[in-house]
Amino acid sequence: MRVVLDTNILFSALISPHGAPDVIYRAWRAARFEVVTSRMQLDEIRRASLYPKLQAVLQPAKVGTMINNLQRAVVLERLDIQDEANDPDDCR
């Protein structure tokens, strides 16, 4: 099975160990399913991890490890999204 994980889920896995997002992240790392990502999402993770509100709760080494892991996933040039909702809280 191939799964796309939202960036917020990935960040939540780093922020709250043993929460539901972390369980999903660990299941992927244990090869229970494949993750599909895009270069755009990898760029988003890099950019968003530098937001002050996230820098206060994310450890740079863990973000780097996550990005390295995602680069070994199925990386598409672009994910075609049918319905996209802007998150007003997704800002600096």
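**Close-up views of a predicted model**

**View 1. Ser49 is a buried loop residue.** Its relative accessibility is 13%, so Ser49 counts as buried, the cut-off being under 20%. The model shown here is predicted. Ser49 sits in the loop that links α3 to α4 (52-55). Leaving aside residues up to four places away in sequence, Ser49 touches Phe11, Leu54, Gln55, Leu58 and Val63.

**View 2. Three strands form an open, parallel sheet.** The strand order is β1-β2-β3, and the pairing is parallel. At the edges are β1 (2-3) and β3 (74-76), each pairing on one side only. Strand β2 (residues 34-38) runs parallel to β3 and is joined to it by three bridges. Helix α3 (residues 39-48) packs on this sheet and touches β2 and β3. The directions of α3 and β2 make an angle of about 80°. Within the sheet, Val36 stands opposite Val74 of β3.

**View 3. Helices α1 and α2 cross.** Helix α1 (residues 7-15) packs against helix α2 (residues 20-29) at about 100°, and their axes are 7 Å apart. The pair therefore counts as roughly perpendicular, a class that spans 65 to 115 degrees. From α1, the contact uses Ile9, Leu10, Ser12 and Ala13; from α2, it uses Pro21, Asp22 and Tyr25. By class, five of these residues are nonpolar, one is polar and one is charged.

**View 4. A salt bridge joins Arg2 and Glu34.** The structure holds three salt bridges. In this one, the closest N and O atoms of Arg2 and Glu34 are 3.3 Å apart. Arg2 belongs to strand β1 and Glu34 to strand β2, so the pair ties together parts 32 residues apart in sequence. Arg2 is exposed, at 56% relative accessible area. Glu34 is partly exposed, at 37%.

**View 5. Arg26 and Asp22 pair within helix α2.** Their side chains meet in a salt bridge, at 2.8 Å from N to O. Arg26 and Asp22 are four residues apart in α2, so about one helical turn separates them. Asp22 is buried, at 9% relative accessibility. Arg26 is partly exposed, at 42%. Asp22 also takes part in the contact of α1 with α2.

**View 6. Arg46 and Asp43 pair within helix α3.** A salt bridge joins the two side chains, with an N to O distance of 3.3 Å. Arg46 and Asp43 lie three residues apart in α3, about one turn of the helix. Arg46 is partly exposed, with a relative accessible area of 33%. Asp43 is also partly exposed, at 44%.

Note on methods. Residues numbered from 1 in each chain as written. Predicted model: local features only at pLDDT ≥ 70, side-chain atom pairs only at ≥ 80, totals over all residues. Heavy atoms only, no water. Pairing = 2+ DSSP bridges. Helix = DSSP H or I, 4+ residues; strand = E, 2+ residues; numbered from the N terminus. Contact = heavy atoms within 4.5 Å. Axes fitted to C-alpha atoms, helices over the stretch in contact; angles between N-to-C directions. Buried < 20%, exposed > 50% of the residue type's maximum accessible area, 1.4 Å probe, protein only. Parallel < 35°, antiparallel > 145°, perpendicular 65-115°, else oblique. Nonpolar A, V, L, I, M, F, W, Y, C, P; charged D, E, K, R; others polar. Salt bridge = Lys/Arg side-chain N within 4 Å of Asp/Glu carboxyl O.
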